[in-house]
Amino acid sequence: MRLTFAGRNTKEIENLIDESGVLEDTEGTIKEKVEELIDSNAKLNALEEHFDTSTFGSVVDLFRTYKYSKFPKFNFKNFTSLQRTFAYSKIETFDYYIDCSSATIGVQMFLGSVKLKSMVGINTSAMTSVNFMFNDCAGLETIQEPLNFQNVATANNTFLTCNALKNIKFVAGTIKVNISFPSSSLLSGDSIQSIIDGLATVETAQTLTLHTDVKAKLT
């Protein structure tokens with residue numbers, strides 16, 4: 001019998017086998033368990049194909065309260081709204097770039113995900129609203145890749161209660177709205193400079209709010 005796991009690398013296949021219990025001394029024959037594993041993998045491939053080829057509008061709370069520390073790589077390119085997608089989840093890190101280039105709404109996307117510590121980044125280039133996006137992500141320390149706020153019209157309380165935030169970057173000249181980091185006292189010098197460089201030249205004055213300790217660094 002030959003097993004084919006489309007799109008899976010060796011480590012992923014090993015994990016699938018381990019999780020399936022094929023090698024454990026449990027009820028059912030190995031043949032039955034292998035068949036069950038093949039069926040499970042086929043369903044996963046079908047699900048991935050569905051998300052890859054379908055266009056989604058407003059999908060609210062899709063993975064809200066997700067209870068595991070890691071979230072598998074997932075294709076968000078066809079989603080137009082990611083409102084509260086990972087709100088109150090237990091995810092600790094995203095070790096891949098979240099490419100959601102079609103999403104215009106990022107409202108409360110990671111709201112209350114207090115265990116989230118780091119992420120490679122997220123494509124915000126099409127987003128018009130990122131209100132409360134990282135609100136109450138009290139453990140978030142690092143967002144590696146620059147955030148692009150070129151189309152953002154509202155960024156209310158996007159980083160409220162991000163007490164641990166140290167490292168963050170923005171694409172230069174893309175912040176055109178009020179933006180605040182009232183709880184982020186630990187911002188690195190490079191992060192502060194990137195925020196300042198991120199401010200765009202606008203006709204109507206906007207406000208940048210920083211923690212008192214960060215203001216002291218600037219002076």
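**Exercise 1: aromatic pairs**

The structure holds 22 aromatic pairs. Here rings of Phe, Tyr and Trp (its six-membered ring) pair if their centres lie within 6.5 Å; planes under 30 degrees apart count as stacked, over 60 as edge-to-face and the rest as tilted.

This is a predicted model, where local features need pLDDT of at least 70 and side-chain atom pairs count only at pLDDT 80 or more, while totals for chains, interfaces and linings use all residues. Residues are numbered from 1 along each chain as its sequence is written, and side-chain values use heavy atoms, leaving out hydrogens and water.

Task: classify the pair of F74 and F79, then that of F76 and F86.

Solution: 
- Step 1. F74 and F79 are 6.4 Å apart centre to centre with 45 degrees between the planes, a tilted pair.
- Step 2. For F76 and F86, the centres are 5.9 Å apart and the planes at 70 degrees, so this pair is edge-to-face.

**Exercise 2: burial**

Task: are F76 and F86 buried or exposed?

Solution: 
- Step 1. Buried means under 20% relative accessible area, exposed over 50%, and partly exposed in between (1.4 Å probe, protein chains only).
- Step 2. F76 and F86 are both buried.
- Step 3. F79 also counts as buried, because its relative accessibility is 1%.
- Step 4. L218, by contrast, has 47% relative accessibility and therefore counts as partly exposed.
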